[in-house]
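Please look through the structure shown here before reading the numbered points, which take up the ligand shells and then the charged side chains.

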Amino acid sequence: MLATVNKIIPFSTVDGPGNRTAIFLQGCNMNCLYCHNPETRGKCMHCGACVNSCPTEALSFKNQRVSYDSVKCVHCDTCFKNCPYDSSPKTAHMTPEQVWQVVQKQIPFIRGITVSGGECTLYPAFLTKLFTLVQAHGLSTLIDSNGTLDFEHYPDLLAATDGVMLDIKAYDSEEHKRITGWDNSIILKNARFLASKAKLYEVRTVISPGLFDGEQTIMQICDMLRPYLPIRPIRYKLISYRPMGVRPQYAKNLQIPTANQMEYYAGLLAAKGFEDIIII
Ligand code: SF4
Ligand code: SF4
(Lines give C-alpha, C1' and ligand atoms only; values in the text may rest on other atoms or scores of the structure.)
(Ligands and ions follow the chains in the order given, each with its own letter.)
Protein backbone atom coordinates (compact mmCIF):
# COMPACT_ATOMS: atom_id res chain seq x y z
CA MET A 1 0.00 0.00 0.00
CA LEU A 2 2.40 2.65 -1.27
CA ALA A 3 1.77 6.28 -2.20
CA THR A 4 4.17 8.57 -4.00
CA VAL A 5 4.86 11.47 -1.65
CA ASN A 6 5.94 14.82 -3.11
CA LYS A 7 6.69 16.43 0.24
CA ILE A 8 5.71 16.59 3.89
CA ILE A 9 5.47 19.96 5.64
CA PRO A 10 5.73 19.30 9.40
CA PHE A 11 3.89 22.49 10.43
CA SER A 12 1.34 24.32 8.33
CA THR A 13 -1.22 26.91 9.40
CA VAL A 14 -2.80 27.28 5.94
CA ASP A 15 -4.05 23.73 5.34
CA GLY A 16 -7.03 23.60 7.68
CA PRO A 17 -7.71 24.52 11.30
CA GLY A 18 -4.82 24.92 13.72
CA ASN A 19 -1.30 23.76 13.25
CA ARG A 20 -1.18 20.71 10.99
CA THR A 21 1.25 18.41 9.23
CA ALA A 22 0.54 18.69 5.51
CA ILE A 23 1.32 15.76 3.22
CA PHE A 24 1.38 16.25 -0.55
CA LEU A 25 0.91 13.16 -2.71
CA GLN A 26 2.18 13.00 -6.26
CA GLY A 27 -0.02 12.73 -9.35
CA CYS A 28 -3.19 14.45 -10.53
CA ASN A 29 -5.98 13.43 -12.87
CA MET A 30 -6.97 17.02 -13.75
CA ASN A 31 -5.07 19.50 -15.87
CA CYS A 32 -6.12 22.89 -14.45
CA LEU A 33 -5.00 25.87 -16.49
CA TYR A 34 -3.98 27.76 -13.34
CA CYS A 35 -2.36 24.85 -11.47
CA HIS A 36 0.04 26.40 -8.95
CA ASN A 37 1.95 23.17 -8.29
CA PRO A 38 2.43 21.63 -11.72
CA GLU A 39 5.40 19.62 -10.42
CA THR A 40 2.93 17.49 -8.43
CA ARG A 41 0.95 16.43 -11.51
CA GLY A 42 3.06 13.78 -13.21
CA LYS A 43 5.10 10.70 -12.56
CA CYS A 44 8.90 10.84 -12.67
CA MET A 45 9.99 8.95 -15.80
CA HIS A 46 13.65 8.88 -14.72
CA CYS A 47 14.64 10.61 -17.94
CA GLY A 48 17.53 12.41 -16.19
CA ALA A 49 16.78 15.80 -17.78
CA CYS A 50 16.79 17.60 -14.42
CA VAL A 51 20.07 16.19 -13.10
CA ASN A 52 22.52 18.64 -14.62
CA SER A 53 20.38 21.65 -13.67
CA CYS A 54 20.92 21.08 -9.96
CA PRO A 55 23.40 23.68 -8.63
CA THR A 56 24.41 21.60 -5.61
CA GLU A 57 24.81 18.13 -7.18
CA ALA A 58 21.94 16.84 -5.09
CA LEU A 59 20.79 14.82 -8.11
CA SER A 60 22.62 11.97 -9.79
CA PHE A 61 21.78 9.49 -12.53
CA LYS A 62 22.78 5.85 -12.17
CA ASN A 63 21.39 2.69 -13.80
CA GLN A 64 18.77 4.73 -15.67
CA ARG A 65 17.35 6.16 -12.42
CA VAL A 66 17.59 9.57 -10.86
CA SER A 67 18.69 9.72 -7.19
CA TYR A 68 18.10 12.57 -4.78
CA ASP A 69 20.29 13.56 -1.83
CA SER A 70 18.18 15.62 0.59
CA VAL A 71 21.28 16.72 2.55
CA LYS A 72 22.73 18.52 -0.48
CA CYS A 73 19.40 20.06 -1.63
CA VAL A 74 18.95 23.79 -1.08
CA HIS A 75 15.30 23.72 -2.28
CA CYS A 76 15.84 26.09 -5.18
CA ASP A 77 13.14 24.32 -7.29
CA THR A 78 15.29 24.44 -10.44
CA CYS A 79 14.77 20.72 -11.06
CA PHE A 80 10.95 21.08 -11.21
CA LYS A 81 11.23 23.81 -13.76
CA ASN A 82 13.36 21.60 -16.01
CA CYS A 83 11.07 18.57 -15.87
CA PRO A 84 9.19 17.84 -19.11
CA TYR A 85 6.75 15.55 -17.26
CA ASP A 86 5.40 17.94 -14.58
CA SER A 87 7.15 15.89 -11.93
CA SER A 88 9.90 16.07 -9.35
CA PRO A 89 13.02 13.98 -8.71
CA LYS A 90 12.45 14.44 -4.96
CA THR A 91 9.41 12.16 -4.57
CA ALA A 92 9.46 9.06 -2.37
CA HIS A 93 7.31 5.93 -2.26
CA MET A 94 6.01 5.54 1.29
CA THR A 95 3.61 3.29 3.20
CA PRO A 96 0.99 4.78 5.53
CA GLU A 97 3.06 3.54 8.46
CA GLN A 98 6.16 5.39 7.20
CA VAL A 99 4.21 8.62 6.82
CA TRP A 100 2.73 8.12 10.28
CA GLN A 101 6.27 7.81 11.69
CA VAL A 102 7.01 11.27 10.30
CA VAL A 103 3.73 12.70 11.63
CA GLN A 104 4.28 11.23 15.11
CA LYS A 105 7.27 13.50 15.72
CA GLN A 106 4.94 16.52 15.64
CA ILE A 107 2.18 15.10 17.88
CA PRO A 108 2.60 17.58 20.77
CA PHE A 109 2.43 20.54 18.39
CA ILE A 110 -0.29 19.71 15.84
CA ARG A 111 -4.06 19.42 15.82
CA GLY A 112 -4.11 17.02 12.90
CA ILE A 113 -2.99 16.26 9.38
CA THR A 114 -4.12 17.39 5.95
CA VAL A 115 -3.41 15.33 2.87
CA SER A 116 -3.25 17.25 -0.38
CA GLY A 117 -1.55 16.86 -3.75
CA GLY A 118 -1.56 16.51 -6.69
CA GLU A 119 -4.81 14.68 -6.06
CA CYS A 120 -4.53 12.62 -2.90
CA THR A 121 -7.72 10.60 -3.50
CA LEU A 122 -5.89 8.74 -6.25
CA TYR A 123 -4.67 6.68 -3.24
CA PRO A 124 -7.88 5.86 -1.32
CA ALA A 125 -6.60 2.71 0.44
CA PHE A 126 -3.44 4.52 1.55
CA LEU A 127 -5.50 7.44 2.89
CA THR A 128 -7.88 5.14 4.78
CA LYS A 129 -5.01 3.37 6.53
CA LEU A 130 -3.09 6.57 7.32
CA PHE A 131 -6.18 8.35 8.65
CA THR A 132 -7.15 5.37 10.79
CA LEU A 133 -3.68 5.47 12.40
CA VAL A 134 -3.88 9.24 12.90
CA GLN A 135 -7.41 9.30 14.35
CA ALA A 136 -6.50 6.53 16.80
CA HIS A 137 -4.06 9.02 18.36
CA GLY A 138 -6.62 11.79 18.74
CA LEU A 139 -5.59 13.87 15.74
CA SER A 140 -7.98 15.14 13.08
CA THR A 141 -7.83 14.23 9.40
CA LEU A 142 -8.59 16.45 6.42
CA ILE A 143 -8.53 15.79 2.69
CA ASP A 144 -7.82 18.51 0.13
CA SER A 145 -9.42 17.21 -3.08
CA ASN A 146 -10.53 18.05 -6.59
CA GLY A 147 -13.60 15.88 -5.94
CA THR A 148 -13.15 13.27 -8.66
CA LEU A 149 -13.31 10.27 -6.30
CA ASP A 150 -16.92 9.20 -5.69
CA PHE A 151 -16.83 9.40 -1.88
CA GLU A 152 -20.15 7.57 -1.58
CA HIS A 153 -18.35 4.40 -2.66
CA TYR A 154 -15.62 4.71 0.01
CA PRO A 155 -17.40 4.49 3.38
CA ASP A 156 -14.28 3.41 5.28
CA LEU A 157 -12.36 6.41 4.01
CA LEU A 158 -15.23 8.73 4.86
CA ALA A 159 -15.44 7.31 8.39
CA ALA A 160 -11.74 8.01 8.93
CA THR A 161 -12.00 11.56 7.48
CA ASP A 162 -13.03 14.52 9.62
CA GLY A 163 -13.53 16.87 6.70
CA VAL A 164 -12.97 17.49 3.02
CA MET A 165 -11.73 20.73 1.49
CA LEU A 166 -13.28 20.55 -1.96
CA ASP A 167 -12.33 22.54 -5.06
CA ILE A 168 -15.31 23.57 -7.17
CA LYS A 169 -13.64 25.35 -10.05
CA ALA A 170 -16.82 26.31 -11.96
CA TYR A 171 -20.50 25.45 -11.67
CA ASP A 172 -21.16 25.24 -15.40
CA SER A 173 -19.95 21.90 -16.68
CA GLU A 174 -18.57 23.23 -19.98
CA GLU A 175 -16.63 25.97 -18.19
CA HIS A 176 -15.31 23.40 -15.72
CA LYS A 177 -14.22 21.16 -18.58
CA ARG A 178 -12.41 24.03 -20.24
CA ILE A 179 -10.52 24.89 -17.02
CA THR A 180 -9.69 21.36 -15.87
CA GLY A 181 -10.38 18.86 -18.66
CA TRP A 182 -13.19 17.32 -16.53
CA ASP A 183 -16.97 17.49 -16.53
CA ASN A 184 -18.02 18.48 -12.98
CA SER A 185 -21.01 16.21 -12.34
CA ILE A 186 -19.10 13.96 -9.91
CA ILE A 187 -17.70 17.03 -8.10
CA LEU A 188 -21.13 18.57 -7.55
CA LYS A 189 -22.48 15.18 -6.48
CA ASN A 190 -19.64 14.90 -3.95
CA ALA A 191 -20.34 18.42 -2.66
CA ARG A 192 -23.95 17.52 -1.90
CA PHE A 193 -23.09 14.09 -0.52
CA LEU A 194 -20.28 15.32 1.75
CA ALA A 195 -22.40 18.23 3.00
CA SER A 196 -25.26 15.86 3.82
CA LYS A 197 -22.86 13.72 5.90
CA ALA A 198 -21.36 16.75 7.71
CA LYS A 199 -18.01 16.08 6.04
CA LEU A 200 -17.72 19.16 3.83
CA TYR A 201 -15.35 21.39 5.77
CA GLU A 202 -14.55 23.90 3.02
CA VAL A 203 -15.29 24.78 -0.62
CA ARG A 204 -12.67 26.64 -2.66
CA THR A 205 -12.96 28.52 -5.93
CA VAL A 206 -10.07 30.20 -7.73
CA ILE A 207 -11.16 33.51 -9.28
CA SER A 208 -9.61 34.69 -12.54
CA PRO A 209 -11.70 37.29 -14.42
CA GLY A 210 -12.77 36.17 -17.88
CA LEU A 211 -11.91 32.52 -17.29
CA PHE A 212 -15.45 31.57 -16.20
CA ASP A 213 -18.59 33.21 -14.87
CA GLY A 214 -17.56 33.78 -11.23
CA GLU A 215 -20.86 35.28 -10.13
CA GLN A 216 -22.93 32.46 -11.59
CA THR A 217 -20.60 29.87 -10.08
CA ILE A 218 -20.78 31.35 -6.60
CA MET A 219 -24.54 31.94 -6.64
CA GLN A 220 -25.28 28.42 -7.85
CA ILE A 221 -22.88 26.74 -5.44
CA CYS A 222 -24.52 28.75 -2.63
CA ASP A 223 -28.00 27.67 -3.73
CA MET A 224 -26.85 24.05 -3.93
CA LEU A 225 -25.20 24.00 -0.48
CA ARG A 226 -27.35 26.39 1.55
CA PRO A 227 -29.82 23.66 2.62
CA TYR A 228 -26.95 21.79 4.28
CA LEU A 229 -25.56 24.67 6.35
CA PRO A 230 -27.63 23.72 9.45
CA ILE A 231 -25.96 20.28 9.40
CA ARG A 232 -22.46 21.75 9.55
CA PRO A 233 -21.23 25.24 8.68
CA ILE A 234 -19.22 25.25 5.45
CA ARG A 235 -16.26 27.57 5.03
CA TYR A 236 -15.97 29.20 1.59
CA LYS A 237 -12.47 30.13 0.51
CA LEU A 238 -12.21 32.53 -2.43
CA ILE A 239 -8.74 32.33 -3.93
CA SER A 240 -7.37 35.13 -6.11
CA TYR A 241 -5.57 33.75 -9.11
CA ARG A 242 -1.86 34.53 -8.92
CA PRO A 243 0.69 33.62 -11.57
CA MET A 244 3.32 32.22 -9.16
CA GLY A 245 4.28 28.68 -10.17
CA VAL A 246 1.77 28.56 -13.04
CA ARG A 247 3.04 27.07 -16.31
CA PRO A 248 4.08 29.99 -18.54
CA GLN A 249 1.98 28.92 -21.53
CA TYR A 250 -1.18 29.30 -19.39
CA ALA A 251 -0.14 32.16 -17.10
CA LYS A 252 0.09 34.65 -19.98
CA ASN A 253 -3.67 34.29 -20.68
CA LEU A 254 -4.96 34.51 -17.10
CA GLN A 255 -5.97 37.64 -15.19
CA ILE A 256 -5.62 38.55 -11.52
CA PRO A 257 -8.85 39.81 -9.89
CA THR A 258 -8.97 43.13 -8.05
CA ALA A 259 -9.58 43.33 -4.30
CA ASN A 260 -12.98 44.90 -5.07
CA GLN A 261 -13.99 41.95 -7.24
CA MET A 262 -13.08 39.52 -4.46
CA GLU A 263 -15.03 41.56 -1.90
CA TYR A 264 -18.01 41.60 -4.25
CA TYR A 265 -17.99 37.79 -4.45
CA ALA A 266 -17.61 37.53 -0.67
CA GLY A 267 -20.67 39.77 -0.35
CA LEU A 268 -22.69 37.42 -2.56
CA LEU A 269 -21.75 34.53 -0.29
CA ALA A 270 -22.63 36.44 2.86
CA ALA A 271 -26.02 37.44 1.41
CA LYS A 272 -26.74 33.76 0.80
CA GLY A 273 -26.08 32.82 4.42
CA PHE A 274 -22.44 31.76 4.42
CA GLU A 275 -20.75 33.09 7.55
CA ASP A 276 -17.23 31.71 7.27
CA ILE A 277 -15.74 33.35 4.17
CA ILE A 278 -12.03 33.71 3.54
CA ILE A 279 -10.37 35.65 0.73
CA ILE A 280 -6.77 34.78 -0.04
S1 SF4 B 1 15.50 21.78 -5.48
FE2 SF4 B 1 16.19 20.41 -7.10
S3 SF4 B 1 17.66 21.64 -8.31
FE4 SF4 B 1 17.40 22.71 -6.33
S5 SF4 B 1 19.05 21.91 -5.01
FE6 SF4 B 1 17.25 20.61 -4.64
S7 SF4 B 1 17.46 18.89 -6.05
FE8 SF4 B 1 18.85 20.52 -6.75
S1 SF4 C 1 11.90 14.65 -12.29
FE2 SF4 C 1 11.34 15.00 -14.42
S3 SF4 C 1 13.24 15.63 -15.45
FE4 SF4 C 1 13.83 14.70 -13.48
S5 SF4 C 1 14.21 12.53 -14.00
FE6 SF4 C 1 12.08 12.67 -13.32
S7 SF4 C 1 10.89 12.94 -15.23
FE8 SF4 C 1 13.05 13.42 -15.74
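1. In this predicted model, the shell around ligand 1 is made up of nine nonpolar, three polar and two charged residues. Of the 14 residues around ligand 1, those that come nearest are Cys54, Cys73, Cys76, Asp77 and Cys79.

2. The shell around ligand 2 holds 10 nonpolar and three polar residues, with no charged ones. Its 13 residues come nearest to the ligand at Cys44, Met45, Cys47, Cys50 and Cys83.

3. The structure has 15 salt bridges, and one of them joins the side chains of Lys129 and Glu97 at 4.0 Å, N to O. This pair links distant parts of the chain, since Lys129 belongs to helix H3 and Glu97 to helix H2, 32 residues apart.

4. Asp144 and Arg204 also meet in a salt bridge, at 3.3 Å from N to O. Asp144 lies in strand S7 and Arg204 in strand S9, so the pair ties together parts that are 60 residues apart in sequence. Both Asp144 and Arg204 are buried, and both belong to a network of salt bridges that includes Asp167, Lys169 and Glu202.

5. Which charged residue is buried yet has no salt bridge? That residue is Asp15, whose nearest side chain of opposite charge, Arg204, is 5.3 Å away; a salt bridge needs the nitrogen and the carboxyl oxygen within 4 Å. Asp15 lies in the loop between strands S1 and S2, and its side chain makes a polar contact with the side chain of Ser12 at 2.5 Å.

Definitions and conventions:
Residues numbered from 1 in each chain as written. Chains lettered and ligands numbered in written order. Predicted model: local features only at pLDDT ≥ 70, side-chain atom pairs only at ≥ 80, totals over all residues. Heavy atoms only, no water. Near = heavy atom within 4 Å. Nonpolar A, V, L, I, M, F, W, Y, C, P; charged D, E, K, R; others polar. Helix = DSSP H or I, 4+ residues; strand = E, 2+ residues; numbered from the N terminus. Buried < 20%, exposed > 50% of the residue type's maximum accessible area, 1.4 Å probe, protein only. Lys, Arg positive; Asp, Glu negative; His and termini not counted. Polar contact = N/O pair within 3.5 Å; in protein donor to acceptor, adjacent residues only side chain to side chain.
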